[in-house]
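Subject: Structure handover

Hello,

The structure is below for your files. My notes on it follow.

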Amino acid sequence: MLPIKNTIERYGIGAIALHWLIAFLILGQIGLGWYMSDLVLSPTKIKLFGLHKEIGVLILILATLRISWRTINIVPSLMSISYFDRVTARFVHGILYFFMFAVPISGWCMSSANGMSVSFFGWFTLPDLVSPDKQLAYLFNVIHVWLAYTLLGTIGLHVAGALKHHFINKDTILRRMLF
Amino acid sequence: MLIIPMLSFSENLTKWNIIQNQSTIAFKAMQNNAPISGQFVAFTGNIYFDPAKLNSSTAEISVDMNSVMTSYDEIAKNLKTDDWFNVSVFPKAIFKSNQFTKVDKNTYQVTGVLTIKDKTIPLTISFILEEYTQDKAHVKGSFFVKRTQFNIGQGDWSNTDNIKDDVQVDFNIFAEHTK
């Protein structure tokens, strides 16, 4: 039975669940964002934009939980892999954490600048981070999309690294993050 | 015996002119459970009002629907189209008062009809007389309209799941006495 918390050798249920849930949501969001942006204005487009924003807030909440969880847990050791791999891994993971917050926050700013406030499934409405402003709206739009595509590239790197460790190095790196 | 013709009561009442650049007529709708606001920047009024002569007071407010503005341009642009305000066919929305009554200290109520597009619906508006001097009057109030009653957002847009039926209208009107 897997422990809930991490050990020095592998990740626990808590970390694994958060990892895959957030990964699934992020990939879904990138796909949804890409699809919905090209739609002609319609009730469906409004609905999808709403869904995209709700999931964005959800990711932000989960990312906060995740980073908190990481700070109160042992980080499984990477001493078994090469120095280069170790540094690259930590760097890429750090960048991913950055994107996990930056992408939804930039989206939040974009909504605020457009005067389209974000509601979390009807429970509460997020405060507007900036006042409605056409220039800001365009700026945050560009930032949000650019960050999202860069995130996608970084995820590609992350997946490539995991697969390299599993199939080429034949070590336990990937297995540590599986149930 | 002198028979005094009972012509136009309003002739004896103070005529008020709306000070356009100090006044606002704004609306707030709900999209995806979050508020979206806009306003009409051009409107006029034929107002004969005197709190001491409520029975003879009348008001007719005409709003230029083409003057709608929202922080997100796309929204205003779409509001002018056929399924929404249809400004090319219905350039004005008009409120015609029927009867003014005093509720308490500074609070009044006016019953009347609101015409938007080709629909005329009875409406009762409560307002507060913030200031009333010989030269200046200031009223403030708000009311709700059900957009579907006026076919605002028709066809696919009549679905009130994501864009709610109730729209709040807030007005803040400064008027001066015409000499």
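The side chains of A:Lys134 and B:Asp73 form a salt bridge at 2.9 Å, N to O (a salt bridge being a side-chain nitrogen of Lys or Arg within 4 Å of a carboxyl oxygen of Asp or Glu). The count between chain A and chain B is 1 salt bridge.

This is a predicted model, in which local features need pLDDT of at least 70 and side-chain atom pairs count only at pLDDT 80 or more, while totals for chains, interfaces and linings use all residues. Side-chain values use heavy atoms, without hydrogens and water; residues are numbered from 1 along each chain as its sequence is written, and chains are lettered from A and ligands numbered from 1 in the order in which they are written.

At the interface, 17 residues of chain A are in contact with 14 residues of chain B (contact means heavy atoms within 4.5 Å). The two chains bury about 1,400 Å² between them, 62% of it on carbon and sulfur atoms (accessible area, 1.4 Å probe, lost on being put together and summed over both). A:Leu41, A:Pro43 and A:Met116 supply 34% of the area that chain A buries against chain B.

Chain A has 4 helices and 2 strands (DSSP runs, numbered from the N terminus: H or I of at least four residues for helices, E of at least two for strands). Their order along the sequence is α-α-α-β-β-α.

In chain A, the axes of α1 (residues 13-37) and α2 (residues 43-71) come within 9 Å and cross at roughly 155° (lines fitted to C-alpha atoms over the stretch in contact, with angles from 0 to 180 degrees between N-to-C directions). That makes α1(A) roughly antiparallel to α2(A) (an angle over 145 degrees).

Regards

Key:
Parallel < 35°, antiparallel > 145°, perpendicular 65-115°, else oblique.
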